[in-house]
2 protein chains.
Amino acid sequence: MAQQHPPAAANANANAPSLLDLTIDNITPNTIRINSQSPDARLTYVMARLVTHLHDFARETRLSTDEWMAAIGFLIGCGKICTDVRNEFILLSDVLGLSLLVDSINHPKPEGSTEGSVLGPFHTHDAPILANGASMTSDPEGEPMLALCTVKDTQGNPVAGVHVDIWETDSSGHYDVQHADRDAPSERCVMVSDEEGRFWFRGIKPVSYPIPHDGPVGKLLQMLKRHCWRPAHVHFMFGKEGWDKLVTALYLRGDPYAESDAVFGVKQSLVVDLEKVDKATAEKYGVAEGSWLLRQDFVLTTQHETEKLRDKLATEALQKLGLNLKLVDHLPVPDLD
Amino acid sequence: MAQQHPPAAANANANAPSLLDLTIDNITPNTIRINSQSPDARLTYVMARLVTHLHDFARETRLSTDEWMAAIGFLIGCGKICTDVRNEFILLSDVLGLSLLVDSINHPKPEGSTEGSVLGPFHTHDAPILANGASMTSDPEGEPMLALCTVKDTQGNPVAGVHVDIWETDSSGHYDVQHADRDAPSERCVMVSDEEGRFWFRGIKPVSYPIPHDGPVGKLLQMLKRHCWRPAHVHFMFGKEGWDKLVTALYLRGDPYAESDAVFGVKQSLVVDLEKVDKATAEKYGVAEGSWLLRQDFVLTTQHETEKLRDKLATEALQKLGLNLKLVDHLPVPDLD
């Protein structure tokens with residue numbers, strides 16, 4: 001059955017602008033006008049900038065009908081390949097540098113705090129909470145790695161009770177969700193920092209791996225002559241009420257893809273050297289002497305610190321762009337006063 | 001099974017730019033640089049403008065993580081609802097004014113030729129070729145309408161052998177593909193103009209109807225307080241080797257949505273008055289006296305005429321934008337000479 005029709009719009013010709021004889025030049029202000037009937041100033045502003053950029057893009061490139069149709073087909077392909085555990089649009093955002101940009105805008109880091117990195121499409125919500133010292137790996141092929149970490153604030157005080165999501169690929173370079181026969185989470189866990197801000201766990205030494213390249217985004221990278229590899233890394237995500245959520249990752253120094261990460265995630269401050277576990281550490285943590293050792297002290301900022309910094313940077317950036325905006329709920333809207 | 005890995009990129013650190021410590025400000029030139037490794041100058045240019053606008057959009061709006069995630073979810077929703085006979089991304093392009101813009105760029109119309117209108121998402125490729133005078137309707141509830149049309153060139157000469165795709169909704173405002181039980185095309189056909197450039201057929205008087213509004217695009221219009229209606233119209237698409245493909249529609253004067261078409265399709269020159277069939281015409285065409293009569297003379301341009309005009313308008317527009325571009329295969333690429 002075809003869907004039922006909605007009631008005819010009573011205001012078809014009342015307040016809406018008259019839209020006739022639209023051309024290459026006047027389509028933009030007219031689209032913005034008809035999109036400006038909502039009382040939501042933020043929505044109106046975001047849509048106005050979206051339409052302006054979309055139309056400018058088409059005008060500057062004189063976008064051909066074939067290119068437009070190819071873009072439509074590309075977007076459908078991205079949608080069709082998405083599943084509960086695969087998000088091709090996040091991947092697209094990642095390879096176009098948008099994810100890095102949005103993270104940088106929303107989570108500016110004061111000097112001395114740990115920088116962020118891209119979330120990527122492989123975080124899940126079903127990782128088990130493990131006790132400190134537990135093993136998060138079920139991969140016998142991986143090279144064992146002990147991680148000894150702390151979470152502190154910008155004054156150096158330990159932060160207890162932080163939930164730390166940790167995830168990495170197996171030794172073949174695949175996340176658990178990339179295996180069709182996945183029946184439980186593996187190579188991922190949640191740990192909780194103790195009273196001294198510490199958390200420690202056993203995993204495997206991360207390996208470089210390609211992002212999923214059998215879909216539209218992989219084909220795009222191929223057309224662009226870009227490789228699809230990410231340097232070896234372990235993901236970390238820190239959450240605690242009142243603290244700015246930190247999404248980051250640690251990268252191994254010397255990885256061949258460290259300077260050409262397909263998703264722009266690497267920052268110098270996030271590149272680490274692995275050590276080897278010495279005899280005393282091996283005995284203390286019950287791991288083999290000579291296995292890999294990752295040490296890292298993470299520094300969180302409070303939500304308040306981040307919001308203040310974000311508002312300050314937003315205000316400066318918008319002034320620099322010459323835009324007459326004000327922040328409402330920390331987000332820019334036109335300043336009509 | 002997880003997919004096999006591609007061979008590691010041999011040139012990971014060779015020619016690709018070094019991407020480290022990317023920030024709100026330097027992510028754009030770096031993304032453009034890594035996207036510029038293909039010899040395809042057009043692809044490189046289009047991607048550079050896409051990335052620039054995408055990033056500028058995020059910077060100007062200080063796009064929040066929640067808004068970014070909502071956009072990702074919106075795009076997935078659009079992809080998921082697409083089928084062989086429903087294209088939500090074309091609909092999105094339509095309601096954002098992009099379809100009108102791309103059509104205007106690609107099919108500029110010289111003075112005196114018939115203007116274009118949006119294709120919309122409901123054209124199909126399975127419409128039957130019908131002989132002149134045939135009926136394209138199978139809807140007994142519709143008000144019968146006879147259409148008497150001609151196709152001419154800009155000098156007034158008839159153009160014979162033009163394939164004319166014609167499609168409209170049934171009297172309930174639904175295209176055949178919107179009925180789940182569709183087993184054959186209806187309210188659509190292809191006609192071929194005769195030696196005198198004529199084609200004529202029997203259909204029904206078109207009615208206003210809402211675009212599909214049960215998906216993400218419909219929800220977007222609702223958020224924007226826009227109605228989802230299109231004024232009553234019949235679609236026409238003209239194709240013949242050597243002639244510029246004309247995608248257009250005729251709209252009925254007096255329709256309540258004529259000036260607020262949800263997809264920006266209406267042009268004054270495409271608004272028509274229906275007449276009533278008189279006795280002589282009724283006898284000649286075997287239809288009831290007093291039924292609706294649509295008369296229209298369409299004017300096509302040659303492919304050469306359109307290309308010349310498109311190149312001229314493109315060159316003028318790019319100069320006006322201050323862009324140093326040249327046309328290759330009628331499409332702009334940077335002029336590096």
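**View 1. Two domains of chain A.** The C-alpha centres of domain 1 and domain 2 of chain A lie 44 Å apart. Domain 1 of chain A covers 17–63. Domain 2 of chain A takes in 111–209 + 229–301. These bounds come from an automatic or database domain assignment. The model is predicted: local features need pLDDT of at least 70, side-chain atom pairs count only at pLDDT 80 or more, and totals for chains, interfaces and linings use all residues. Residues are numbered from 1 along each chain as its sequence is written, chains are lettered from A and ligands numbered from 1 in the order in which they are written, and side-chain values use heavy atoms, leaving out hydrogens and water.

View 2. A rotation of 180° with 0.0 Å of shift along its axis places chain B on chain A, with RMSD 0.0 Å. In chain B, the C-alpha nearest the axis belongs to G79(B), 2.0 Å from it.

**View 3. The shared contact surface.** Both copies use the same surface: 100% of the contact residues of chain B recur in chain A. Contact means heavy atoms within 4.5 Å.

**View 4. An open sheet in chain A.** Four strands line up in the order β4-β1-β11-β10 (chain A), with mixed pairing. Strands are DSSP runs (E, at least two residues), numbered from the N terminus. Two strands pair if DSSP finds at least two bridges between them. The edge strands of chain A are β4 (198–204) and β10 (275–276), each pairing on one side only.

**View 5. Strands β1 and β4 of chain A.** Strand β1(A), residues 144–152, runs antiparallel to β4(A). Seven bridges join them. P144(A) stands opposite I204(A) of β4(A).

Conventions. Least-squares fit on C-alpha atoms with pLDDT ≥ 70 in both.
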